[in-house]
Amino acid sequence: MDFQFGKKEEEFRSEIREFVKEHIPQNEYGHMFEEEHEDKSWEFSMSIAKKLAQKRWLTLTWPKEFGGMGASFMERLVFSEEVGYWGIPGVGMGVSGTAWVGPSLMLFGTKEQQEKYIPLIAAGDPDGVWCTGYSEPDSGSDLASLQTSCVRDGDEYIINGQKVWTSAAHRSRWCWMAVRTDSNVKKKHHGLSLVIVDMKSEGLTVRPLKNYVGLHYFNEIFLSDVRIPVENLVGQENNGWNHLMQALSFERGVALGFTASCRRMLDELINHTKETGLIKKTLVRQRLAELEADLEGARTLAYEAVWKMENGLSRIYEPSRDKANVDLLFEKMSRFGSDILGAFSQLDPLHADPRWAKIGGIYENLFHACPGIAIAAGTTDTQRNIVGQFGLQLPRSY
Amino acid sequence: MDFSFTKDQELIRKSIKEFFEKECPKDKVRELKEDKKGYDPKMWKKMVKLGYTGLVIPEEYGGTEGEFWDILIFMEEMGRNIVPTPYFPTVVFCAMPILEFGTEAQKKKILPKIAEKGEIWAYAQIEESSEQDASGITMSAAMSGEDYTLNGSKLFVSYANVANQLLVVARTAEAENPEEGLTVFIVDAGAEGVVCDVIPTTARDMRCELRFDNVKVPRDNILGEPGKGWAVVDYIQQHAAVLKAAEMSGGAHAVLNITVKYAKERKQFDKPIGSFQAIQHRLVDMLTEVEELQYLVYKAAWRINSGSPSRRLNSIAKAKANGVYHRVCYHGIVMHGAIGWTEEMDIGLYHLRTRSMEFDAGNTDYHNDLIASELEKSEPEFLTLFA
Ligand SMILES: Cc1cc2nc3c(=O)[nH]c(=O)nc-3n(C[C@H](O)[C@H](O)[C@H](O)COP(=O)(O)OP(=O)(O)OC[C@H]3O[C@@H](n4cnc5c(N)ncnc54)[C@H](O)[C@@H]3O)c2cc1C
């Protein structure tokens with residue numbers, strides 16, 4: 001047993017912190033999901049993405065020949081932590097490109113696709129911004145039931161249907177889309193394909209969806225006779241489900257960045273209670289301690305998952321375990337933190353007034369962000385299903 | 001970073017596990033529930049012979065000079081098998097602080113008896129108020145000539161009924177700060193004026209009331225410095241917290257495994273109950289909590305083992321263990337249905353131990369407060385980077 005980072009990782013961490021000192025203002029920390037909301041913050045994010053690209057950090061896990069730095073799992077862990085703690089924006093480049101579009105194209109894309117799309121992502125270019133179109137109005141957790149149709153017509157495919165909850169679609173140049181290329185199948189998992197859709201296509205409309213505090217983060221996409229060239233098929237036709245599973249596996253490990261965000265938010269809360277003297281109150285002490293213990297636990301588990309991956313010991317369920325765990329932690333933190341802030345926790349997070357907001361308004365933001373976190377990338381309960389099946393070998397429940 | 005044990009450590013675990021499985025099946029645990037002594041002297045002898053009571057004691061005092069990891073692994077396995085023995089009070093509560101604070105003469109005299117002969121010791125701190133901080137210690141020890149005279153009573157002293165020797169914390173001076181003026185005494189359990197009564201408790205770990213009526217203790221029998229006894233108590237609590245948490249972690253693992261196994265076997269509505277989502281999600285939450293606890297314990301132990309203990313991590317380990325052990329037992333029993341609520345099933349044996357273990361070495365409120373004290377002292381990274 002050894003819980004210490006190596007010298008290489010520590011050096012990398014200091015290097016990132018130098019970058020933070022120079023480029024990332026800390027008074028705007030903790031405004032989750034707001035990156036895509038306003039033009040101003042989006043532009044700032046993209047400017048940081050460019051700088052990260054120059055350091056090869058934007059795509060640090062990618063192999064060097066694709067513009068990455070071939071980072072180890074542990075280096076990636078360190079990077080995710082620093083991103084979470086300091087709130088480094090722009091890392092996702094509209095959520096999808098750096099995390100799974102690039103790696104998927106490397107794995108099962110054509111050479112032409114790799115040459116066309118990958119360098120744009122690695123460079124932090126506005127044309128390298130992607131969104132992901134999986135969910136549909138009638139297909140959420142049950143993703144394989146999706147119905148958006150994609151029919152071959154000569155050298156083109158014609159797409160009809162609707163996508164929903166598409167994060168950053170209003171900022172994206174491309175959509176990484178799951179579609180149905182064959183509806184005449186016995187099992188719903190068959191007949192699916194992955195395609196690349198140009199967001200400027202004719203017949204494609206993006207309609208903003210606002211969340212309940214008024215934040216514009218995700219969208220609906222309507223597709224009416226949208227034509228894409230056949231070259232935009234990724235992988236094999238009708239083998240989309242397998243490709244999707246491969247792509248989803250790159251989404252794993254979100255828990256790490258999240259635990260680091262929690263660390264920052266808890267640090268801010270502790271600091272606030274010290275400045276105000278609240279930390280002398282028994283109830284406040286008990287709550288802070290409980291959060292501290294939960295957070296230390298969640299973080300240690302997330303490390304374990306990375307260590308297992310690095311050593312080829314992963315048993316599939318760990319990232320789901322950690323996602324569910326962090327969902328619960330966020331909820332508890334937002335509740336305890338808000339209770340500690342008292343009346344000020346009811347401020348409108350989208351119209352934060354520095355005159356009133358405590359700790360930069362981060363708890364008001366978290367309070368309403370955390371249900372979204374618990375739903376996005378697979379709900380807490382569907383993660384629990386995965387852990388039950390693969391961590392405890394229980395029979396499938398549905 | 002390394003989340004695995006060495007080959008040697010795995011071997012140690014294997015032999016301890018096999019020993020407990022052979023020597024202490026659940027029938028034995030049930031049998032000892034009704035036993036007056038609360039442990040099996042034959043098993044105890046074997047444990048001593050295998051060197052278990054000397055795991056952290058240096059060779060020169062008759063021990064095997066292992067690492068902190070060895071005793072941690074030992075406690076995990078003991079917790080997994082819920083072995084009724086006076087091991088914890090003897091080794092963790094007494095031998096460890098004697099090794100840390102004892103004079104050369106004390107160590108030479110006492111430690112070989114524990115390591116080689118299995119002399120039983122008990123630790124007396126708690127009193128009527130049940131408080132675990134220094135304010136809970138009111139029993140007085142007055143100096144009279146070359147001796148001290150102890151008067152008062154101690155409660156819930158585990159295995160005092162069979163102990164030869166006691167560590168007793170008493171107040172030798174009044175001070176504004178309750179942590180000052182405390183002294184730890186080594187007291188012969190058979191000394192005149194010491195009366196011991198067993199208090200019936202659910203864990204059957206022989207919690208005793210000890211009454212001291214003008215008990216004379218020679219000055220040489222002070223552990224550590226007179227008036228500075230809190231340092232010893234704190235040392236005991238910090239280390240015992242992690243080792244008790246290890247014991248609870250082992251127990252929680254066992255309960256999880258028992259319940260998962262049952263959920264796969266028991267059928268209702270023609271299906272294993274483990275196929276119902278309500279059961280699955282409870283089990284999954286148990287798994288997460290149990291794995292989390294396990295690594296929190298290891299993290300605290302790693303700091304102790306490498307010579308830089310973390311008060312924050314020690315308290316986190318124990319505070320977590322307190323919550324997790326109970327929750328796992330409660331949900332485990334409920335998921336069994338009525339059979340889980342009977343004495344026939346092993347799972348209840350675990351739940352019967354939760355209150356004892358929760359209290360030992362600090363309950364949740366106590367450790368949460370210690371965690372908060374550490375947070376008060378800490379400097380957040382976001383302030384230091386831009387300072
Ligand atoms: C902030 C945010 C960003 C998102 N971004 C994207 C994006 O960029 N692209 C994209 O494609 N999608 C995106 N989504 C959609 C997200 O993937 C889905 O919301 C999610 O998969 C759940 O689907 P649903 O909303 O249809 O809920 P449903 O699937 O209808 O679920 C409703 C409830 O039923 C429960 N449930 C469903 N099935 C089961 C089961 N088998 N067992 C137990 N409980 C079950 C769920 O846990 C949930 O509580 C985003 C969502 C959010 C909140």
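**Note on chain B and its contacts**

1. A salt bridge joins the side chains of B:Arg312 and A:Glu296, at 2.8 Å from N to O. The model is a predicted one. The count of salt bridges between chain B and chain A is ten, and 31 residue pairs are in polar contact across that interface, both partners at pLDDT 80 or more.

2. Several helices of chain B supply at least two residues each to the side that touches chain A: H7 (229–265), H8 (277–305), H9 (311–336), H12 (364–377) and H13 (381–385). H8(B) gives the most, with 15 residues. By class, this side of chain B has 23 nonpolar, eleven polar and twelve charged residues.

3. In extent, the contact takes 46 residues from chain B and 52 residues from chain A. Chain B and chain A bury about 5,000 Å² between them, with 63% of it on carbon and sulfur atoms. In chain B, the residues that lose the most area to chain A are B:Met1, B:Phe3 and B:Phe382, which together make up 17% of what that side buries.

4. On the overall form of chain B: a compact globule of 387 residues would have a radius of gyration near 21 Å, and chain B agrees because its own value is 21 Å. Its C-alpha atoms fill a box of roughly 80 × 65 × 40 Å along the principal axes. Chain B holds 13 helices and ten strands.

5. The domain assignment divides chain B into domain 1 (7–119), domain 2 (123–228) and domain 3 (231–382). Between domain 1 of chain B and domain 2 of chain B, the contact takes 20 residues from domain 1 and 16 residues from domain 2. The centres of these two domains, taken over C-alpha atoms, are 23 Å apart.

6. Domain 1 of chain B and domain 2 of chain B bury about 1,400 Å² between them, 65% of it on carbon and sulfur atoms. On the domain 1 side, B:Lys33, B:Gln106 and B:Glu119 lose the most area to domain 2, together 29% of what that side buries.

7. The count of salt bridges between domain 1 of chain B and domain 2 of chain B is zero, while six residue pairs are in polar contact, both at pLDDT 80 or more. Helix H5 (87–101) and helix H6 (104–117) of chain B are the elements that give two or more residues to the domain 1 side of this contact. H5(B) gives the most, with six residues. The residues of that side divide into ten nonpolar, four polar and six charged.

Technical notes: Residues are numbered from 1 along each chain as its sequence is written. Chains are lettered from A and ligands numbered from 1 in the order in which they are written. This is a predicted model: local features need pLDDT of at least 70, side-chain atom pairs count only at pLDDT 80 or more; totals for chains, interfaces and linings use all residues. Side-chain values use heavy atoms; hydrogens and water are left out. Domain bounds come from an automatic or database domain assignment. Contact means heavy atoms within 4.5 Å. Buried area is the accessible area (1.4 Å probe) that two parts lose on being put together, summed over both. A salt bridge is a side-chain nitrogen of Lys or Arg within 4 Å of a carboxyl oxygen of Asp or Glu. A polar contact is a pair of N or O atoms within 3.5 Å; within protein, one must be able to donate a hydrogen and the other to accept it, and residues adjacent in sequence count only if both atoms are side-chain atoms. Helices (H or I, at least four residues) and strands (E, at least two) are DSSP runs, numbered from the N terminus. Ala, Val, Leu, Ile, Met, Phe, Trp, Tyr, Cys and Pro count as nonpolar, Asp, Glu, Lys and Arg as charged, and the others, Gly among them, as polar. The radius of gyration is taken over C-alpha atoms; the globule rule is 2.2 Å times the number of residues to the power 0.38.
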